[in-house]
Amino acid sequence: MLNRRHIRVKVMQTIYAMHQNASDSMDKEEKFLFQSIENISDLYLIMVSALVELRSGEEAYIERASKKHLATTQERNPNRKFINNKVLLLLEDNNSLSIAMADAKIDNWKQNDDYILILLDAIKQSEVYKKYMESDIESFEEDRDFIAELFTEVVAPNEKLYEYLEDDKLTWIDDIPLVNTLVLKQLKQIKEEGNSFHVPRLYKDADDKDFVRNLFRKTVLNERELAQEFIDKTPNWDTERIAELDNIILKMAICELLKFPSIPAKVTINEYLEIAKEYSTPKSSIFINGILDNLIKDYNANNKLIKTGRGLM
């Protein structure tokens with residue numbers, strides 16, 4: 001589920017929070033870092049389970065409407081295409097999802113079913129839904145394409161849903177795009193036969209989890225040493241004139257260059273430049289690129305940049 005860039009962002013945000021709070025408790029902040037990462041799994045389960053709850057919510061509504069004393073003809077004979085959607089039924093019966101939900105004790109939509117009603121209302125007003133319900137085609141492919149489009153156009157961008165998630169956990173703000181991209185990818189790839197849907201692991205492997213801890217610790221424990229590496233290369237700047245996030249990004253990048261021999265220098269530079277573009281000032285990536293470029297030249301000239309393994313030139 002996680003990629004290395006998102007791991008770097010999480011570490012950066014934790015170090016930034018440490019600076020802002022003047023915290024010197026590395027153990028406490030490391031615990032917070034890992035908790036914020038583990039919460040991504042909960043966010044994923046909440047987003048997928050929303051689709052299941054939408055189907056259940058609509059089914060319950062149809063059932064109540066049909067039993068009204070003065071039910072209309074349409075209420076007695078409703079269009080059941082949405083609640084019979086094969087992808088939604090597959091997700092509802094999926095073992096992997098059910099077990100993960102139970103283990104994580106995810107019951108957000110049972111506690112906040114008003115958001116499901118808000119989403120259902122938005123869905124029914126959408127052209128995506130109207131087009132699907134009016135179609136005479138009945139196939140798994142159509143059901144799958146509809147759910148993928150519905151998720152993209154209506155569910156994921158819903159402002160009320162976003163506000164709810166933001167209020168639940170502030171750390172989810174940067175996780176939502178990652179999770180939504182993954183969910184959409186899975187929806188597009190889901191198949192009718194076999195167990196094609198599986199809840200993904202949070203970390204790709206043990207190395208990624210170790211990377212979180214090592215990057216955090218090695219950066220925090222060596223901040224002064226890492227800062228000295230680039231302060232000497234910026235005679236016209238002092239630490240107070242460098243934006244706080246730029247300062248942290250530079251320390252993390254230099255830490256990777258010097259203390260992570262298996263990570264190619266080009267990968268490190270590209271990753272932190274992209275992070276700077278997204279999270280720091282408009283000119284930060286140019287500033288950071290200039291410093292790192294000069295450092296690489298200096299490290300190579302002094303045999304300080306030691307990289308091992310394939311593709312590390």
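**First stop: a glutamine in a helix**

Select Gln186: with a relative accessible area of 14%, Gln186 is buried (buried means under 20% relative accessible area, exposed over 50%, partly exposed in between, using a 1.4 Å probe and protein chains only). Gln186 is found in helix α11 (helices are DSSP runs of H or I with at least four residues, numbered from the N terminus). Leaving aside neighbours within four places in sequence, Gln186 is in contact with Tyr44, Phe197, His198 and Pro200 (contact means heavy atoms within 4.5 Å).

Before moving on: this is a predicted model, where local features need pLDDT of at least 70, side-chain atom pairs count only at pLDDT 80 or more, and totals for chains, interfaces and linings use all residues. Residues are numbered from 1 along each chain as its sequence is written, and side-chain values use heavy atoms, with hydrogens and water left out.

**Next: helix α1**

Now select residues 4-20, which make up helix α1. Its buried residues, among them His6, Ile7 and Met18, pack against α2 (26-66), α11 (176-189), α12 (206-221), α13 (223-231), α14 (244-259) and α15 (265-279). Zoom in on Asn3, which caps the N-terminal end of α1, with a side-chain oxygen 3.2 Å from the backbone nitrogen of Arg5. While you're here, show Arg4 too: its charged end sits over the ring of Phe211, 4.2 Å from the centre (that takes CZ of Arg or NZ of Lys within 6 Å of the ring centre and within 35 degrees of the ring normal).

Slide along to Ala22, in the loop between α1 and α2. Ala22 isn't a glycine, yet has a positive phi of about 55 degrees. At 66% relative accessibility, Ala22 counts as exposed.

**Last: the aromatic rings**

Which residues form one aromatic cluster? Select Phe82, Tyr129, Tyr132 and Phe146. Rings of Phe, Tyr and Trp (its six-membered ring) pair if their centres lie within 6.5 Å; planes under 30 degrees apart count as stacked, over 60 as edge-to-face and the rest as tilted. By this rule the count comes to six aromatic pairs. Phe82 and Phe146 are edge-to-face, because their ring centres are 6.3 Å apart and their planes at 85 degrees. That pair links distant parts of the chain, 64 residues apart: Phe82 is in the loop between α3 (73-76) and α4 (86-92), and Phe146 is in helix α9 (residues 140-155). Now turn to Tyr132 and Phe146, a stacked pair with 3.7 Å centre to centre and 5 degrees between the planes.

How values were computed. Helix = DSSP H or I, 4+ residues; strand = E, 2+ residues; numbered from the N terminus. Expected span 1.5 Å × (residues − 1). Polar contact = N/O pair within 3.5 Å; in protein donor to acceptor, adjacent residues only side chain to side chain.
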